[in-house]
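This report describes selected features of a two-chain model.

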Amino acid sequence: MMAVASALAAIAPVLAWYLLLRGCATRALGPMVCFGAAAGLGLGTSSLIWWTLIQVPFPSASTRLFVDAMVWTTLLLGVVVAQRRRTTLPPAEHTRAPWSLSPVLVAATLAVVVMGGMAATTFAATSIASPHGSWDAWAVWNVRARFLFLGIPTGWREAFSGPPIEVADYPMLVPAAIARLWTLVGFDTVLVPIGVAAMCAAAVVLVVGTSLRRHLSPTTGLLAAALLLASPAFARWAPSQCADVPLSLYMLLTYVLVAGGMEHRGRSFWLLAGLCAGLTAWTKNEGIVFVPITCLVIAVWAWHRRDGRLWWRPLADFALGAAPALLVVTAFKYSLSPPNLIVDAQSSAHVSQMLTIERLVQILTALGDRLWFSGATTVGILPILVAYLVLAGPARRPATPAVLTLCALALMLVAYVGVYMLTPLNLAWQLSTSLERVVLQLTPSLVWAGMLLRAPTVAARPSA
Amino acid sequence: MPVRLSRHTLAAGVGLALLLLPASAVLPMAEWNLHIWQRLRTANRLSPDMGTDMAYRDLAPHLPARGVIGVHEVGESTERRLFFRLQYALAPRKIVVTREAEFVIEGGPASAPASLTHDPQFTLIAAPEADLRVYRRLTR
C-alpha cells in the first residue's frame, strides 16, 4: 500500500502537468510534446515545492511528505475540476502537407530505431558500469541530493556553511527533485537519478521530434530525433546524471512554448514558457543568463510587432511565469549559496588580465571544434544539420520562432564566451572539462530551430 | 519513368547517410560499457563505483553523524578523488582536507612517513581496507 502511495506521489507532478497541458490552449502542441513538457515541468516544479518545504521545520519527515502529497493532490484535483468547467478549444489547425509512406520516411524511421537502440544501449550499459554517474554527478549533483535526503531536518544546511562543500552555489533543481523521490522511496537508490536522467533525455528527443512533426512533417521530426540520438556528446552525457541534459530540456521547452505563444496567442503559452525559463535558472547557473537573453529577444519581437495597446503582454506573461522559480533562485543565492567562483574573482585587475586576444582565440577555436564535432571524430550533427538545410532550402520567410530562437542561442554563445574569458580557473582545463557539455545544452534547441527554418511563417491566430 | 527527387527528399537522404559518421563514434562507447557490464556479470561483482561507495559508507558507524571529518592523503593517489568520493559517501557530514579535525580519514599506505600511524596525537579506530583508515584525535 505504501509502495503504491509512494509511486503515485512520485508521478503526481508529471500527471498533473500532463492533464493541465492537454486541457488548456496548449493542446495545440500535441500529446507527445505535452508529455515531454509535463515530464520537465513535473520534475522542475516538484523540485521547487520540495525545496520550499525543506525550509520549513516540520516535526517529522512523514509530515513533510504528507504536505507535499496534499499539495500535488490539490493541484491535480484543481486541474481536473477546472477542465470540466472550461469550454474546450478546438485543436489548432496545422497546415501540413499530407504525408505518405515514402522511402525517405521509412529510412528516417529506421534511423531513429537504430540510433535510438544504440543510444538506449549506451545509456543502460553506462548506467550499469557507473551507477552513480560521472564525476560531476557524485561530486556536485547527487552529493547535494544526499545532503537534502540524509540531512533532514537541519543537517543539510551544513553543505552551504563554513566552509561550504564544493560548488555549493550551483542551483538545486536536480538535487531537490532526486531528494524528494528518495524520500518517497525511503532510501537513496541509484535507480532514481538514473531514472531522472533517462526521463530528461527521452523528453528532449520526444519534444524535438514531435514538435517538428507537427510544424513540418513526420520525416523532418524523425530526422531531427535521429540527429540528436546520433550525437556522441548526447550519448555520453545523457547517462552522466549531470544537469546539462535537464537544462537543455528546459531551454528547448521555453522556445517550443514561445513558438506556441507566437502562433496561438494564448497567454498560457507565455506563462509556461516563462516557467520553463525560470526553471533553467533553478537547474544551472547558465539559466541565470538564459532568462534575460530570452526576455530581450521576446521584447524585441513584441516591440517590432507592436499590434495593439497590449503589445507588451507576451513579455509580461513570460516574466510572470518565470517569477516563482526566479524568486526561489534569488532566495537561494541570497540566503544560502556561497559566492560563485567566477563572479567572486572579478575585479578590474582580473578583467584586464583576462581580456586578451590569445584567450579569445583559444576559446573560439575550442568552441568551433565542439560545434563541428559534438563528440564525433570526423563530423558532428550540427554540420550535418547545416548541410541538410542548404540542400533542402529554408522557407522564403522562415518562421519567426526559428529566427528568434537562433538569435537567442547566438547570444547565449556570446555569453558563454564571455564567461570563459573571465574565468579565474585554468582555461585549457575548463574548456576541456566543460565546453562539450555547454554546447550540448544548446544543441537540442539548435536542431529544433534549425529544422524550423524550413517552416513558413504562420499567421498568428486570434486569441481565444 | 525517371524518378524526380524533391529537394527535401534529397536533403533528408544525404542527412541520414551522413548521420552514420557521428553515429559510428557512439558505437565504441556502447561496446566499451557493454564489455564492462559483461565482465562484471561474469565475475559476479558490483561495479567499482558501487563498491567504492559502499566501502566508504561502511566508515559511517565509526564517525559522528554530523560535523566536520578530516581527510588526509599519503602516498601517490589523488586527494581530490578521495575527498569527493568520501563527501558523497558520508553526507551530510562535511569532509575537509585537514588533519585538525577530531576524526580524520587517511588514504594511502600506513607505512608512509606522513601517515597518522606515526602521529601520537591520533589513535587508529578502523582500518577497513589496506589503504583506508580512520583515526581519532587523542588530544586537542
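## Glu106(B) and its sheet

Glu106(B) has a relative accessible area of 0% and is therefore buried. The structure discussed here is a predicted model. Glu106(B) belongs to strand 3 of chain B. Its C-alpha atom lies 9.3 Å from that of Leu82(B), a residue 24 positions away along the chain.

Strand 3 of chain B as a whole is largely enclosed by the rest of the structure, because 5 of its 5 residues are buried. Which residues point which way from this strand? Val104(B) and Glu106(B) point to one side, while Phe103(B), Ile105(B) and Gly107(B) point to the other, and all are buried.

Strand 3 of chain B has pairing partners in strand 1 and strand 5 of that chain. Strand 1 (residues 68–73) of chain B runs parallel to strand 3 of chain B and is joined to it by 4 bridges. Here His72(B) has Glu106(B) as its bridge partner. Strand 5 of chain B runs antiparallel to strand 3 (residues 103–107) of chain B, with 5 bridges between them. In this pairing the partner of Glu106(B) is Arg133(B).

One of the bridge pairs consists of Thr123(B) and Arg136(B). A hairpin of 2 residues connects strand 4 of chain B to strand 5 of chain B. Strand 5 (residues 132–137) of chain B has 5 of its 6 residues buried, so the rest of the structure largely encloses it. The strand pairings are collected below.

| Strand pair in chain B | Sense | Bridges |
|---|---|---|
| Strand 1 and strand 3 | parallel | 4 bridges |
| Strand 3 and strand 5 | antiparallel | 5 bridges |

## Helices 6 and 10 of chain A

Helix 6 of chain A contains 13 residues, and the distance from its first C-alpha to its last is 18 Å, close to the 18 Å expected at 1.5 Å a residue. Of its 13 residues, 12 are buried, so that the helix is mostly covered. Among the buried residues are Leu173(A), Ile178(A), Arg180(A), Trp182(A) and Thr183(A). After the helix comes Gly186(A), with a positive phi near 110°.

Pro175(A) sits in helix 6 (residues 173–185) of chain A. With 0% relative accessibility, Pro175(A) counts as buried. The C-alpha atom of Pro175(A) is 7.9 Å from that of Val143(A), and the two residues are 32 residues apart along the chain.

Helix 10 (residues 244–264) of chain A has 21 residues and spans 30 Å between its first and last C-alpha atoms, close to the 30 Å expected at 1.5 Å a residue. Is this helix enclosed by the rest of the structure, or exposed? Helix 10 of chain A is largely enclosed, because 21 of its 21 residues are buried. The residue that follows this helix, Arg265(A), has a positive phi near 60°.

## A contact between the chains

His8(B) is located in helix 1 (residues 7–18) of chain B. At 16% relative accessibility, His8(B) counts as buried, because the cut-off is under 20%. The side chain of His8(B) makes a polar contact of 3.0 Å with the side chain of Tyr388(A).

## The largest pocket

The volume of the largest pocket is about 1600 Å³. Its lining consists of 47 residues, and those nearest the centre are Val167(A), Tyr170(A), Ile342(A), Leu425(A) and Gln430(A). By class, 27 of the lining residues are nonpolar, 10 are polar and 10 are charged.

Which helix gives the largest share of this lining? Helix 19 of chain A does, with 7 residues. Helices that each supply at least two lining residues include helix 5 (135–150), helix 12 (286–305) and helix 18 (400–422) of chain A. Helix 14 (341–344) and helix 19 (427–452) of chain A also belong to this group, as does helix 4 (79–90) of chain B. The lining of the largest pocket therefore draws on helices from chain A and chain B.

Technical notes:
Residues are numbered from 1 along each chain as its sequence is written. Chains are lettered from A and ligands numbered from 1 in the order in which they are written. This is a predicted model: local features need pLDDT of at least 70, side-chain atom pairs count only at pLDDT 80 or more; totals for chains, interfaces and linings use all residues. Side-chain values use heavy atoms; hydrogens and water are left out. On a 1 Å grid over the protein atoms alone, a cavity is a set of points where a 1.4 Å probe fits but cannot get out, and a pocket is an open set with protein on both sides within 12 Å along at least five of seven lines; lining residues have an atom within 4 Å of a point. Grid points are joined across faces, edges and corners, and a volume is the space filled by probe spheres set on the points. Ala, Val, Leu, Ile, Met, Phe, Trp, Tyr, Cys and Pro count as nonpolar, Asp, Glu, Lys and Arg as charged, and the others, Gly among them, as polar. The expected span of a helix is 1.5 Å times one less than its number of residues. Buried means under 20% relative accessible area, exposed over 50%, partly exposed in between (1.4 Å probe, protein chains only). Two strands pair if DSSP finds at least two bridges between them. A polar contact is a pair of N or O atoms within 3.5 Å; within protein, one must be able to donate a hydrogen and the other to accept it, and residues adjacent in sequence count only if both atoms are side-chain atoms.
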